[in-house]
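Visitor: Could you take me through one part of this structure slowly, the open sheet and what packs around it? I'd like the residues by name.

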Amino acid sequence: MSSTIWFITGVSSGFGLDLALYALRAGHTVYGTVRNRGKSSNAVSKIQTAGGKCVVLDVTVLESIPTVIQGVLEKEGRIDILVNNAGWAVMGAGRHEVRVYVLKSSQP
Ligand SMILES: NC(=O)c1ccc[n+]([C@@H]2O[C@H](COP(=O)([O-])OP(=O)(O)OC[C@H]3O[C@@H](n4cnc5c(N)ncnc54)[C@H](OP(=O)(O)O)[C@@H]3O)[C@@H](O)[C@H]2O)c1
């Protein structure tokens, strides 16, 4: 049986990094996004050591998203689980913003 393919945005820290490492430990295939490989080198190293792949993406640059997704689809044929984790929270104001990008992926 083929591995479950995850695409997780914002894996440089926090929930995204933890989830990426959790899925990798479970034997799944993980593509995680970071905005800056240099700034996120510790997280990138952890994910790559665990067998995952990191790709560069800023989710606010909407025109770059299809290219990144297409790259994963060309390699894997599909994305099974999309976690749009990237974002920031303004805890004091009690609100948060997470951009949602809806993508269509087809089974190979
Ligand atoms: N922690 C909480 O209590 C809480 C509560 C409510 C909602 N949330 C939401 O849960 C998500 C994760 O939270 P966290 O606590 O794990 O936060 P975190 O440690 O600050 O991680 C946020 C991640 O999102 C990435 N990111 C931010 N803006 C981005 C952008 N424009 N494009 C691509 N990546 C971007 C960051 O990358 P960089 O390293 O490049 O900045 C980082 O990897 C966030 O969406 C947050 O709003 C968290």
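Guide: Here is a walk through the sheet, strand by strand, and then out to the helices and the ligand.

Two housekeeping points come before that. Residues are numbered from 1 along each chain as its sequence is written. The model is predicted, so local features need pLDDT of at least 70 and side-chain atom pairs count only at pLDDT 80 or more, while totals for chains, interfaces and linings use all residues.

The protein chain has three helices and six strands; these are DSSP runs numbered from the N terminus, with helices being H or I of at least four residues and strands being E of at least two. Along the sequence the pattern reads β-α-β-α-β-α-β-β-β. Four of those strands make up an open sheet in the order β3-β2-β1-β4, with parallel pairing. Two strands pair if DSSP finds at least two bridges between them. At the edges stand β3 (53–56) and β4 (81–83); each has a single partner strand, so one side of each is left without a neighbour in the sheet. From one strand to the next, the twist averages 20°. For angles like that one, axes are lines fitted to C-alpha atoms, for helices over the stretch in contact, and the values run from 0 to 180 degrees between N-to-C directions.

Now for β1. β1 and β2 pair in the parallel sense over four bridges, and strand β1 (residues 5–8) pairs with β4, also in the parallel sense, over three bridges. For isoleucine 5, the bridge partner in β2 is threonine 29.

What about the faces? In a regular strand the side chains alternate between the two faces of the sheet. In β1 both faces are covered, with Ile5 and Phe7 on one side and Trp6 and Ile8 on the other, all buried. A residue is buried if 20 or more other C-beta atoms lie within 10 Å of its own, exposed if 12 or fewer, and partly exposed in between, with C-beta atoms placed from the backbone. β2 has both faces covered as well: Thr29, Tyr31 and Thr33 are buried on one side, and Val30, Gly32 and Val34 on the other. That is six of the six residues of β2, so the strand is largely enclosed by the rest of the structure. For the protein chain of 108 residues, buried residues make up 28%.

Next, the helices. Helix α2 (residues 41–49) lies across β2 (29–34) and β3, running at about 170° to β2. Valine 44 lies in this helix and counts as buried because it has 22 C-beta neighbours inside 10 Å. Not counting residues up to four places away in sequence, valine 44 touches Val34, Arg37 and Cys54; touching, or being in contact, requires C-beta atoms, placed from the backbone, to lie within 7 Å. Valine 44 and threonine 33 are eleven residues apart in sequence and 9.2 Å apart in space, C-alpha to C-alpha.

Over in helix α3 you'll find valine 72. This one counts as partly exposed because it has 19 C-beta neighbours inside 10 Å. Leaving aside neighbours within four places in sequence, valine 72 is in contact with Phe7, Tyr31 and Ile79. Between valine 72 and isoleucine 5 there are 9.4 Å in space, C-alpha to C-alpha, for a separation of 67 residues in sequence. The twelve residues of helix α3 (residues 65–76) should span 16 Å at 1.5 Å a residue, and the end C-alpha atoms are 17 Å apart, which agrees; the expected span is 1.5 Å times one less than the number of residues. Glycine 77 follows α3, and its phi is positive, near 85°.

Of the 23 residues around it, Gly10, Gly14, Arg35, Ala86 and Gly87 come nearest; a residue is near if its C-beta atom, placed from the backbone, lies within 6 Å. The elements giving two or more residues to this shell are α1 and β5 (88–90), and α1 supplies the largest share, three residues.

Technical notes
Contact = placed C-beta atoms within 7 Å.
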